[in-house]
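Hello,

Here is the structure I promised to pass on to you. Please have a look at it first, and then read my notes below.

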Amino acid sequence: MSPTGRRPPFTLHACVLIALLAASSAPTPLYPVYQERWGLSALTVTVVFSAYALALLAALLTTGALSGHLGRRPVLIGALALEAAAMAALATADTAGALVAARVLQGLATGAATSAAGAALVDLDPPGRPARSALTNSIAPAAGMAAGVLAATLLVRHAPGPTVTVYLTLMAVFLLQTAAVALSPETTRPHPGAWRSLRPRVAVSPPARGAFLISGGGVVAVWALGGFYSSLGPAFVHLVAPQAPRAAGGMVFFTLTLSAAVTVWITRALRPLTATLLGCATVPAAVALSLTGLHLVVLPAVFAASLLAGAAFGAVTRGSLSMVLAPVPRPDRSTTLAAYHVLSYLAMSLPAVGAGVLTQLYDLRIAAHVYAALVALLAAAALLPLAAAALRLRRGPAGGDTQREQDRVVQCLLRTDGVQESPEQHVQRNIRRSGGESAGEPVDVVLDVLTPPLHQPRPSTSPVRVQQRDAARRQGTAADGTEPRRQGVVQ
């Protein structure tokens, strides 16, 4: 498919991700409405929130690799149709039990759809821009959550029947997207094993395990912080400023998600390792500012804290996804992306339920302090492996120009057994393992996936590509899989 032909399907799948995450965050401004109507406790609200996240995890564990076997398109069509049904169930829910059931249905649909849509974005990466899918997979969730919270907040304030209108609107969007996906081309070649792929499992492609270990702690910290704002953010705003308008509860989470989306875009020129480091370092400041707003009863401080939390979320998400996805071969990308989402949503849901339990047993003030301390400790612990990797990168080879080496390639990678190896060693190992064909994308983009060199132009053919081409020639095929043209023979 030509680059021009790739653009509309890429945009469609990005819009699918945005709509899915918009639907996931739409209930956040509505939780105070549900609490007022049905007398729900803070624990019940976190259960409703976590029911969605845990159902999403179940879908990721079972259907994360399904689109690689059946194709992206059939999985997306079924998941989007189920998402539309979930919106109808949310629109008609009149009890907490019905709300939980609708959110479970939504989580199942979202888990299947996000894995397939995210993998389709990777399939559609243009040859000259191998990092576009990682950037889109990072920015689309934050942008979608921001759009969903803003739309729901406006409807709560201005529209009649806000708990119905927002879901019916989203249902129409998903039905349109179902039709659009049905008319779009398939992005991968299906292969057998669909039933076997449904066995619950978490699989991270071997080339990505080092990056997953380095960045995993930061992912847990920022998603746990996002879970607090998503589930208990409106209640926290009411605790700080009881006289604030109801819309303020939704706007604090909107501030976080909008900040995250903007940060993903701003940090696209930073090295993924640098972005992840900065994001983790921002988390303690965000939680400290949030508690300051609580103690001083200053609502602007809470919004400033959510702004910092969003910046941390966006930077860590952009950096960690870039590090994890860059070295993964195409057949393993959907399962690796699903494993990333499993970690994310576990970190988002389980601590939120714990906060709900603490609020029920004590009060929200105590729960907020415990939660803030936990998140700050997680972020501090996450800084250790990131700083170690950055230090190894900065040292570079003895006697070399450290800055130039940083701008060129990553100097060391972590293998799954913790042994350091150079990029050339990594490529040779992948070539040997796959019988002459590279097992993934060029490894010089694992931690440097978006940044061009500052001091010298990047060569048109990297050493990695040369090795891949030479290995393919030794097998008697060209780098693109076709028979090579022989000298002196008329083809």
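Let me begin with the rule for aromatic pairs: rings of Phe, Tyr and Trp (its six-membered ring) pair if their centres lie within 6.5 Å, and planes under 30 degrees apart count as stacked, over 60 as edge-to-face and the rest as tilted. By this rule, there are six aromatic pairs. One of them is the tilted pair of Trp 223 and Tyr 345, with 5.2 Å centre to centre and 55 degrees between the planes. Trp 223 belongs to helix α10 (residues 206-240) and Tyr 345 to helix α14, so this pair ties together parts that are 122 residues apart in sequence. Trp 223 and Tyr 345 are both buried; buried means under 20% relative accessible area, exposed over 50%, and partly exposed in between (1.4 Å probe, protein chains only).

Phe 228 and Phe 236 have ring centres 5.8 Å apart and planes at 75 degrees, so their pair is edge-to-face. Phe 228 counts as buried at 6% relative accessibility, and Phe 236 is buried as well, at 2%. Ring pairs also link Phe 228, Tyr 229, Phe 236 and Tyr 371 into a cluster.

Before going on, a word on the basis of all this. This is a predicted model, in which local features need pLDDT of at least 70 and side-chain atom pairs count only at pLDDT 80 or more, while totals for chains, interfaces and linings use all residues. Residues are numbered from 1 along each chain as its sequence is written, and side-chain values use heavy atoms, with hydrogens and water left out.

As for the whole chain, its secondary structure comes to 18 helices and two strands (DSSP runs numbered from the N terminus: helices are H or I, at least four residues, and strands are E, at least two). Of its 491 residues, 54% count as buried.

Helices α14 (333-361) and α15 (364-395) each supply at least two residues of the patch. Tyr 362 sits in the loop between α14 and α15 and is exposed, with a relative accessible area of 54%.

Best wishes
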